[in-house]
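Reader: I would like to learn how to read this model. Please take one feature at a time.

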Amino acid sequence: MIARFREFWHGRVLFAARGNQLARFVNEGIQDGVVFYKTQKSERGLRAQVQIKDFARLRRAARVTHTRVRILAKYGWPFVAARWWRRKSLLAGILIIGITLASLSQMILSISVSGNTTIPSQQIFDSAEKLGLKTWIWQSEVDLPKVSKALVEQFPDAAWIGVDRQGTRVEIKVVQKIRPQVPGEAGSLVASKAGLIQELMVIQGTPIVHEGETVKAGQVLIKAPDIIENASAKPKPDAVSKPKQSIPQPVPAAKGFARGRVWYSTEATIPLVEDKVEESGRIAKGWGIKFGSRVIMVTTPESPYPQVNQEVKNHSWLIWRNWRFPVEVVSINYKELSTVHLERTQAEARSVAEELARADVHKKITPGANILEETVRVLPQSGGVERVRVEVEAYEDLAVYPNP
Amino acid sequence: MFDKLSKNVGEVLDFPPDVAGNGPRITITGRHEILVENYLEIVEFTEEEIHLNTTEGELSFTGKGFVLNAVLATELRIGGELISLTYPGGSETR
């Protein structure tokens with residue numbers, strides 16, 4: 001190996017020699033300090049390899065013995081280097097392309113916005129740019145989680161804004177708040193769900209409903225104030241024009257709250273006799289080696305249980321960037337499943353159904369709402385099932401701004 | 001004169017002959033590698049035959065597909081299949 005490398009490093013010249021005194025040619029060469037390698041003789045003459053520096057020294061031997069020497073091939077690094085040196089500009093070009101690609105891949109080249117329905121994309125782009133997220137900047141200069149946090153604060157209509165970078169592309173994903181769709185009522189406060197209004201407080205705007213009124217979802221509660229424009233008003237001719245103080249612009253939006261009662265209800269059905277498949281809690285572990293799509297299990301090649309829930313985990317090594325080591329270790333957890341035969345009494349089934357329905361109804365209630373009353377009703381059952389309905393009465397603010 | 005003296009001194013001091021003398025040293029490893037040290041010159045060589053001049057007279061190898069893997073002033077490495085090694089001059093040497 002080392003000898004091969006030295007051969008490559010020093011460079012070799014393969015030549016053919018023709019003449020009548022080839023043995024003498026070699027002897028004369030040796031006397032001049034030439035070392036011959038892989039010397040072979042055939043009918044056509046002699047073939048041998050010498051180092052580059054030795055080739056010039058063959059001249060005297062060739063002249064003395066009337067031997068004609070012809071180069072057949074040149075091997076080794078000095079020749080490769082010389083060839084590349086002749087193509088300097090090509091090398092420089094490759095280098096420049098490499099550097100350009102490497103540096104471009106470290107920049108943000110495109111930004112896109114998705115998921116926005118009413119917020120204009122341009123507005124999001126502008127805000128992002130103010131926060132430092134724009135094209136043609138280094139990726140390391142922007143703190144993306146910080147940008148997404150700041151964007152959510154700037155757009156009250158957005159429930160969540162995620163900023164995700166994949167390579168040079170940044171995607172701003174927007175999830176907008178779901179609000180009642182009431183066209184033409186921008187700025188007014190509408191009911192978020194059906195309920196009974198009990199407390200109405202108007203800070204700005206005109207109340208449309210009164211306390212004690214039942215409202216439907218999307219019904220206007222407080223109308224936005226109109227902008228009063230007095231077209232006939234003219235400045236007095238003799239009035240001294242004073243420097244105007246900054247006057248707050250009238251905001252054409254209703255302000256206030258409308259608290260009221262809201263009812264929620266859910267039903268749940270639980271059979272008295274039930275066959276259920278559940279995890280028994282017993283787990284068998286096995287591991288193997290994965291190569292491409294092939295898996296060779298080292299331990300526990302087959303599931304020891306007849307009914308099983310498999311959990312497969314791949315452990316792979318990320319060596320460089322997204323290049324993975326082709327061999328992965330796979331670990332499998334076999335979770336035994338068993339069929340459970342359940343027989344419940346009426347009371348048991350009822351309490352299970354009640355729990356289920358209660359958990360369900362609490363998911364629906366607006367966070368922060370006051371729960372006034374909870375009633376559990378057992379519904380008439382048929383065919384060995386228990387039906388339970390949980391009704392919750394809550395007290396909460398119904399007024400929200402609609403989506404236009 | 002010096003050769004004779006060194007030879008005699010070598011004999012007295014029990015030096016091995018390759019240290020004391022300057023005759024060729026031939027190392028044959030298996031059948032495909034031959035190393036000849038202290039040869040004088042190459043007389044003739046083809047793929048089947050190699051004739052070398054040494055202080056002990058002409059040395060010849062016969063075989064198949066001979067290649068001189070390395071040719072240095074005092075050392076010769078031969079590759080190929082060896083059939084025989086002879087001193088064709090017999091005992092006419094010094």
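Reader: How many helices and strands are in chain A?

Author: Helices (H or I, at least four residues) and strands (E, at least two) are DSSP runs, numbered from the N terminus. Chain A has 9 helices and 24 strands. In chain B there are 2 helices and 6 strands, in the order α-α-β-β-β-β-β-β from the N terminus.

Reader: What are the ground rules for numbering and confidence?

Author: Residues are numbered from 1 along each chain as its sequence is written, and chains are lettered from A and ligands numbered from 1 in the order in which they are written. This is a predicted model, where local features need pLDDT of at least 70, side-chain atom pairs count only at pLDDT 80 or more, and totals for chains, interfaces and linings use all residues; side-chain values use heavy atoms, with hydrogens and water left out.

Reader: What is the mean pLDDT of chain A?

Author: pLDDT is the predictor's confidence in each residue, from 0 to 100. For chain A the mean is 86, and 93% of its residues reach 70 or more.

Reader: How is a pair of packed helices described?

Author: By the angle between their axes and the distance between the axes. Axes are lines fitted to C-alpha atoms, for helices over the stretch in contact, and angles run from 0 to 180 degrees between N-to-C directions. In chain A, the axes of H5 (residues 77-86) and H6 (residues 88-104) come within 4 Å and cross at roughly 80°. H5(A) is therefore roughly perpendicular to H6(A), a label for angles of 65 to 115 degrees.

Reader: Which residues make the contact of H5(A) with H6(A)?

Author: Contact means heavy atoms within 4.5 Å. H5(A) contributes A:Trp84, A:Trp85 and A:Arg86, and H6(A) contributes A:Lys88, A:Leu90 and A:Leu91.

Reader: How many residues of helix H2 of chain A are buried?

Author: Buried means under 20% relative accessible area (1.4 Å probe, protein chains only). In H2(A) (residues 22-31), 8 of the 10 residues are buried, so this helix is largely enclosed by the rest of the structure. Among them are A:Leu22, A:Phe25, A:Val26 and A:Ile30. H2(A) is followed by A:Gly33, whose phi is positive, near 90°.

Reader: What share of each whole chain counts as buried?

Author: For chain A, 31% of the 404 residues; for chain B, 30% of the 94 residues.

Conventions. Buried means under 20% relative accessible area, exposed over 50%, partly exposed in between (1.4 Å probe, protein chains only). Angles under 35 degrees count as roughly parallel, over 145 as roughly antiparallel, 65 to 115 as roughly perpendicular and the rest as oblique.
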